[in-house]
Amino acid sequence: MKKILIIILFIYTGCYGQTPTGEEILNRIDENMASESRILTSRMVIHGRRGSRTIESKSWSEGEDRSFTEYLSPPREKGVKMLKLEDQLWMFSPSTDRTIQISGHMLRQSVMGSDLSYEDMMDDKKLISDYDAVVVGSEEFEGQQCWALELTANNDDVAYFFRKIWVDKDRYIPLKSELFAKSGQLLKKMEMFDIEKIEGRWFPKRMVFKDMLKDGDGTEFFIDDIQFNVKFPESLLTKASLRK
Amino acid sequence: MIRFLLKGLLRDKNRSLLPIIVVSSGVILTVFMRTWLSGVLGDMVDFSARYSTGHVKVMTRSYAENIDQIPNDLAYIGISDLKDKLRTAYPDMNWTERISFGGLLDAPDENGETRSQGTVIGMAVNLFSENSPEIDRLNILKSIIDGTLPDEPGEILISHDLSEKLEIHPGDEVTLISSTGTVRFGMVAMDKGAIIVDISDAQIALDMNDASGEILGYFNNGIYDDLEAVEVCKQFNSNYRNEEDEFSPVMRSLREQNELSSMLDYMDYAVGIVIFVFVFAMSLVLWNAGLLGGLRRYGEIGLRLAIGENKGHVYRSMISESVLIGIIGSFIGTIIGLSISYLLQKYGIDTGAYMKNTSLMIPTVLRAKITPDAYYIGFIPGLISTTLGTMLSGIGIYKRKTAQLFKELEV
């Protein structure tokens, strides 16, 4: 009898040990994705019902609070710059030669007709700081075994109150996310593909965003080049750089 | 006979004054309700037509499906050609393109940085064309409180309330475009934060060359004709129907947009209901008044019967009296009702203070509207109910027994 109890206890603790907690998974995701600084060159392909548009950009970010993005093409968007400093966002448009602060409801508007909002563009915060996570199961996505997690916001200062994410068990990348409003309405879907190991981190080279309240076939986000923990001039992350 | 009855009524005020007051009051209410409903509901429909729906509207099929989102990426491309075709096919209508959009209006400080800003609803209309009917249609000139009508590219009109909120004055620069004046639309939803720009500016700003979200059609006489609009839509849609092309044009009548069909149907039903309620209610009131009158005239009728007047003759003379009272009461009631309606048509009631937070596109000043039927509609309940009331109360005459008349008269 004693032996049986020991075996049961062993199996139980063994299984328990294999399933990380939600908090552990979020920490692993943040460890993998977050970096001190990052330079990213990307293409955003917006698939509308009439056709697709490609917008190229380059962004420099430091930590989770400061980033600078410059749009490189098409000609209509070329020279548009965005600066995020903590919870504030500014946009510079060369055609008007104006620096405009984006705030309030405007943060929820689409960026250049894409499926991403300004708020989404700003969202670089670690998941662990805004959400409490619970592992609800194990599912397969795109041939990868994933932990299914339900994330509930622990403060009101988030764009999406509730998230459901599917995290790759091996690489700790959230391969699929569903983002919900407090009312329970599904607002956005996000999927990550072409995961590659870059400078010791697993990173997706292609992401697909879909605004569920909008028509169209979503927005693809291609990462053409990414460098982690590189130094760049501090002056780039200031308002003065918007007009340069 | 009529002269005889009229004299009787005039000389005996107890027989005429109260019934005429009751009939007049009912008729005043009927006329007023009719003109008020016509005014308020008609204004709502008219405002919708002018600002949003047109008498008919042409859009792409996909734009029409998602119209709540104002999906300008699904706008019709090639509007010049389509407008030419519409002008040829429907010469009795005026066609104009519009673009609606949402956005942010940003006012800079002296360093060019954000000083104040607010979200806005934008409406791009044809402002620059010579004799553009849009200026009259949207009542723009009269709505301008400060500044002038835009006449240069890049100039816009901003709602007055928004300009005060953002502390913007005519001539100030705002993001992307410069303003020339402020307007008050008389609609809370737009006064809170709307801008008007010329269609060419919007096409440049939104990258919509020769495209627009909507082409609105208006009957040249400015009056919405539901049957005609539905017919035009039917004809257009059968000519341009292309199920495989989601960007093929589709036309919708005012009735088919913004759930206005229920409003139009309601307008028709409301008049019927008002008349029915007043006929019914006034019949009850006048029946009661007739009964009271009958009781009061109990002795008179008894005497008339006792001296040999035929019961039918007494009954008919009473009905004739009530017809006269109905005509006089309806006439007086119609005049008073129309006078009140005229005042409300001219001055209206400003409900702006009670609709501060509304997002409905309805006028803030509610007005009555005197329609042709308002001149006679009061006669229907005025005459019918009075006569019906007398007919019901007069039945008692036939229940009087001649044998008991003298006994009653002795008392």
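Author: A quick definition to start: two residues are in contact if their C-beta atoms, placed from the backbone, lie within 7 Å. This is a predicted model, in which local features need pLDDT of at least 70 and side-chain atom pairs count only at pLDDT 80 or more, while totals for chains, interfaces and linings use all residues. Residues are numbered from 1 along each chain as its sequence is written, and chains are lettered from A and ligands numbered from 1 in the order in which they are written.

Reader: Leaving aside neighbours within four places in sequence, which residues is Val274(B) in contact with?

Author: Happy to look at that one. Val274(B) lies in helix H11 (residues 260-296) of chain B, helices (H or I, at least four residues) and strands (E, at least two) being DSSP runs numbered from the N terminus. Beyond neighbours within four places, the contacts of Val274(B) are Thr30(B), Met33(B) and Arg34(B).

Reader: Is Val274(B) buried, exposed or partly exposed?

Author: A residue is buried if 20 or more other C-beta atoms lie within 10 Å of its own, exposed if 12 or fewer, and partly exposed in between, with C-beta atoms placed from the backbone. Val274(B) has 19 other C-beta atoms within 10 Å, so it counts as partly exposed.

Reader: And Asn72(B), is it buried or exposed?

Author: Asn72(B) sits in the loop between helix H3 (61-65) and strand E2 (76-77) of chain B. Setting aside neighbours within four places in sequence, Asn72(B) is in contact with Ile99(B), Phe101(B), Leu206(B), Met208(B) and Gly213(B). Because Asn72(B) has 20 C-beta neighbours inside 10 Å, it counts as buried.

Reader: Asp207(B) has a positive phi; is Asp207(B) buried or exposed?

Author: The phi of Asp207(B), a residue other than glycine, is near 55°. Asp207(B) is placed in the loop between helix H9 (199-205) and strand E9 (211-212) of chain B. There are 12 other C-beta atoms within 10 Å, so Asp207(B) is exposed.

Reader: Tyr172(A) is not a glycine and has a positive phi too; is Tyr172(A) buried or exposed?

Author: Tyr172(A) has a phi of about 55° and is found in the loop between strand E9 (162-168) and strand E10 (174-180) of chain A. Since Tyr172(A) has 21 C-beta neighbours inside 10 Å, it counts as buried.

Reader: How many residues does the largest nonpolar core have?

Author: A nonpolar core is a set of buried Ala, Val, Leu, Ile, Met, Phe, Trp, Tyr and Cys residues joined through C-beta atoms within 7 Å. In the largest one, the residues with the most contacts inside it are Ile25(A), Val167(A), Ile195(B) and Ile196(B). Apart from it lies another core of 17 residues, including Val23(B) and Leu338(B). The largest core has 94 residues.

Reader: Which residues does a cis peptide bond join in chain A?

Author: The place to look is the loop between strand E3 (66-73) and strand E4 (81-85) of chain A, where Pro74(A) is found. With omega about 5°, the cis bond joins Ser73(A) and Pro74(A).

Reader: Over which residues of chain B is the pLDDT below 50?

Author: pLDDT is the predictor's confidence in each residue, from 0 to 100. The mean for chain B is 82, and 86% of its residues reach 70 or more. The stretch with pLDDT below 50 is residues 177-181.
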